[in-house]
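Me: Please take me through the covalent and charged side-chain links of the model shown below, giving the reasoning behind each reply.

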Amino acid sequence: MTTGPPVPPASYWPDGGSTRPATSKPPGWAVGIMSASAVVALIGGVVLATRDAGTGTPIAEPPAKVDLPVTPPTDRPSPGPSLDPPSSAPEQTAEASPSAGATSTFAPVADVPEVCDLLPESLTSRLAPKSASAPGVAKDGYGAKRKDCRWDQKGYHMVGGYNLSRSINVKVNAFQDHDNALEDADFMWDSMRDFSGQTREDPYNTKYGEIKEVSGLGDKAYMIYSEHTVRRTANAWIYVVRGNATLDIRFTGVDNKGREILSNENSRPVPEEEMLKGVEEIAKEVLKGLS
């Protein structure tokens, strides 16, 4: 004998049991009763389906097999998985490097010459009076052959009550190829761009001019002027790439009042035009020695 689920008492319904409202929600005990009834019905259905298996039409047939279209044969190799982003994704454009695809017409430099021999005395005595040269401490490494030289003042050069102090520092680097040289130069030029037109306060106390591109020097060259706002010293820095070589040249100057060796608040910086003209002239002379 089949027993149906229990019927809730008439007091459950708002109208005393005549009709169940469409918007009413059963209480917790009623939900439990109805869930149990659903389980009983499900079990009964499974039993009936098992009993009738093989004797009649199945309750639900499996879906029909659908053949997928076959790609026609081709002689071309099948492409690998695509690495392209989905069409809905925003397109990303890579910024080209300044050195991408660059070439040079200059012959490569096999060995770096003695840098102290690259500037004639006629030039150093005019741009850095009373100076003497001495090899620097640059060593081969980081993928390049390197040599440098310094010209520092060794005596007073008095003009109008000021000691005109000037010094020159030249470094030559020879890389394996032009790409490596240009990569090195790009890094230095980026530093110039970062400082261009800026004033850095204490502890740097440095005011920078605008970066300038110089034509007619190797493959490419940039230079920049700076002034120390406390010591009053001026510096012109030029960086040149020529074939597989780079030139790193700094021309420093200050006019010290009296016979002062060290600069102070009474010193005066050398004007930008004079310093940039001098460092460019030095670079042209060094390039002659690399030809």
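**Side-chain links across the chain**

Lysine 145 has a relative accessible area of 35% and is therefore partly exposed. The model is a predicted one.

Me: What is the distance between the closest N and O atoms of glutamate 114 and lysine 147?
Reply: Glutamate 114 belongs to the loop between H1 and H2 and lysine 147 to strand S2, so that the pair links distant parts of the chain, 33 residues apart. Glutamate 114 is partly exposed at 47% relative accessibility, and lysine 147 is likewise partly exposed, at 30%. The two residues form a salt bridge in which the closest N and O atoms are apart by 3.0 Å.

Me: Is cysteine 149 buried or exposed?
Reply: Cysteine 149 forms a disulfide with cysteine 116, the sulfur atoms being 2.0 Å apart. The pair links distant parts of the chain, since cysteine 116 is in the loop between helix H1 (28-51) and helix H2 (121-127) and cysteine 149 is in strand S2 (residues 144-153). Buried means under 20% relative accessible area, and because the relative accessibility of cysteine 149 is 0%, this residue counts as buried.

Me: What is the handedness of the link of cysteine 116 and cysteine 149?
Reply: A search of the whole structure finds 1 disulfide, and its cysteine 116 is buried, with a relative accessible area of 19%. The angle about the S-S bond is 100 degrees, and the link is right-handed.

Me: How many residues apart in sequence are the parts that arginine 166 and glutamate 274 tie together?
Reply: Arginine 166 and glutamate 274 form a salt bridge, with the closest N and O atoms 3.7 Å apart. Because arginine 166 lies in strand S4 (residues 162-175) and glutamate 274 in helix H4 (residues 272-290), the pair ties together parts whose separation in sequence is 108 residues.

Me: Which residues do salt bridges that share partners join into one network?
Reply: The structure holds 13 salt bridges. Arginine 166 counts as buried at 7% relative accessibility, whereas glutamate 274 is partly exposed, with a relative accessible area of 41%. Through shared partners, the salt bridges join into one network Arg166, Asp255, Arg268 and Glu274.

Methods: Residues numbered from 1 in each chain as written. Predicted model: local features only at pLDDT ≥ 70, side-chain atom pairs only at ≥ 80, totals over all residues. Heavy atoms only, no water. Disulfide = S-S within 2.5 Å. Helix = DSSP H or I, 4+ residues; strand = E, 2+ residues; numbered from the N terminus. Buried < 20%, exposed > 50% of the residue type's maximum accessible area, 1.4 Å probe, protein only. Salt bridge = Lys/Arg side-chain N within 4 Å of Asp/Glu carboxyl O.
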